[in-house]
Amino acid sequence: MRAHTNAGAWLDVDLAAIVHNWRLLKQQAQGRADCAAVVKADAYGLGATQVAPALHAAGCRRFFVAHLDEGMALRPLLPADATLFVMHGLLPGSELEAVTHDLVPVLNSLAQVRAWTTLARGLGRRLPAALQMDTGMARLGMPADEFNRLAADLHQLDGVDLQLVMSHLVSAEQAEAPTNAQQLQRFAAARARLPAAPASLANSSGVWLGAAYHHDLLRPGAALYGVAPMAGRPNPMRPVVRLRSKVLQLRHIAAGTGVGYGHAWTAQRPTLIATLATGYADGWLRSLSNRGAVRFNGQVLPLVGKVSMDTITVDATDLPPDALQEGSLLDLLDERLTVDEVAAAAGTIGYEVLTSLGNRYARRYLGAEACTHSL
């Protein structure tokens with residue numbers, strides 16, 4: 001821990017809260033549905049090497065990453081009974097690595113299907129894979145013309161151990177969006193033309209759309225990490241992160257004094273400015289300039305001036321005298337200043353706030369003892 005004693009900020013990740021959120025999502029599952037965990041992008045910036053084993057200890061057995069390299073890094077950390085799906089599928093030439101590292105590719109195109117079946121024939125055995133159809137995202141997934149060619153000749157799947165058929169919802173966070181029902185209908189129509197296999201459609205928000213969207217496997221990501229799954233509704237997820245930054249310097253300035261680059265904020269009264277050791281190099285978004293806030297002992301302090309590379313400045317005038325000293329810790333994210341509130345102030349989404357958090361923080365993982373399997 002000696003290397004962390006001089007860190008400018010602390011990021012606490014509550015593993016017990018992540019497990020709580022996974023269990024809450026799993027409790028929503030209807031019928032035969034199980035609950036997986038999306039741990040791509042380093043578990044949304046919070047540390048997949050810590051998060052995935054904690055979720056496995058709690059009973060999660062299926063995990064999703066984006067890149068093959070993410071799966072390769074996680075595979076040694078999870079027992080053999082854990083399945084790791086790679087959502088980006090396989091870039092040409094990477095097929096054998098997926099087999100070697102016991103990873104299950106999500107095949108998104110006919111070319112990926114052909115490459116996988118070619119390898120299966122060469123190895124003389126069926127190889128596990130998931131198949132993704134595009135039902136409206138126009139991003140990853142097999143487009144309609146390719147899917148029609150596949151469905152017309154299912155022998156193209158010979159050699160594939162089809163473990164999952166999946167698609168991705170476009171607007172699940174908006175419960176009334178007509179695209180939800182449209183995609184559900186398209187997904188059902190596509191599944192009817194494929195060999196029988198488990199199915200997955202519901203992402204974090206899709207979990208809350210009801211049993212029709214649950215199928216065999218829920219696939220939550222952001223909600224695990226405390227992001228609100230449904231727009232305009234109370235957030236049922238437990239906060240996961242606490243970010244605290246140290247005061248580097250305190251300065252009393254006169255009314256009329258400009259602060260920071262471009263003097264984007266000017267004091268209207270004698271003001272106490274606290275400079276904190278967090279900036280956009282740490283993922284504290286520059287769009288929070290003159291819009292963000294921090295907390296100290298429950299009191300909200302506005303961020304004033306521009307976010308710079310290594311620091312932010314806040315107006316601490318309304319705190320009691322001598323409440324702050326150099327080295328005091330102020331909250332940037334906590335149970336009240338949630339990732340969604342910070343995202344709203346920055347004009348973005350909670351996903352970006354989490355995945356932007358940098359590597360200069362001293363990280364602590366809390367609550368691991370509460371992550372054992374109890375279902």
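User: What share of the 375 residues in the chain is buried?

Analyst: A residue is called buried under 20% relative accessible area, exposed over 50% and partly exposed in between, using a 1.4 Å probe and protein chains only. By that rule, 52% of the 375 residues in this chain are buried. Please note that this is a predicted model, in which local features need pLDDT of at least 70, side-chain atom pairs count only at pLDDT 80 or more, and totals for chains, interfaces and linings use all residues. Residues are numbered from 1 along each chain as its sequence is written, and side-chain values use heavy atoms, with hydrogens and water left out.

User: How many helices and strands does the chain have?

Analyst: Helices (H or I, at least four residues) and strands (E, at least two) are DSSP runs, numbered from the N terminus. The chain has 10 helices and 19 strands. Its C-alpha trace spans about 80 × 45 × 40 Å along the principal axes.

User: How should I read a sheet, and what is the strand order in the open sheet of seven strands?

Analyst: Strands of a sheet pair through backbone hydrogen bonds, either parallel or antiparallel. Two strands are taken to pair if DSSP finds at least two bridges between them. Here the order is 3-4-5-6-7-8-9, and the pairing is parallel. Strand 3 (37-38) and strand 9 (199-200) are at the edges with a single partner strand each, so one side of each has no neighbour in the sheet.

User: Which helix packs on that sheet?

Analyst: A contact means heavy atoms within 4.5 Å. Helix 6 (residues 110-123) packs there and touches strand 6 (104-107), strand 7 and strand 8. Axes are lines fitted to C-alpha atoms, for helices over the stretch in contact, and angles run from 0 to 180 degrees between N-to-C directions. On this scale, the direction of helix 6 makes about 170° with that of strand 7. Strand 7 (residues 127-132) is joined to strand 8 (residues 160-166) by six bridges in the parallel sense, and L127 stands opposite V160.

User: Which strands pair with strand 11 in the antiparallel sense?

Analyst: Strand 11 (residues 241-253) pairs with strand 1 (residues 9-14) over five bridges, and L11 has L243 as its bridge partner. Strand 18 (residues 329-333) pairs with strand 11 over four bridges; there, R244 is partnered by D331. Six bridges link strand 11 to strand 14 (residues 271-276), where V247 has L276 as its bridge partner.

User: Is S205 buried or exposed?

Analyst: S205 counts as buried, at 5% relative accessibility. S205 is in the loop between strand 9 and strand 10 (217-218). Not counting residues up to four places away in sequence, S205 touches A172, E173, P229 and M230.

User: What percentage of contacts with a separation of 6 or more joins residues 24 or more positions apart?

Analyst: In this chain, such residues account for 67% of the contacts with a separation of 6 or more.
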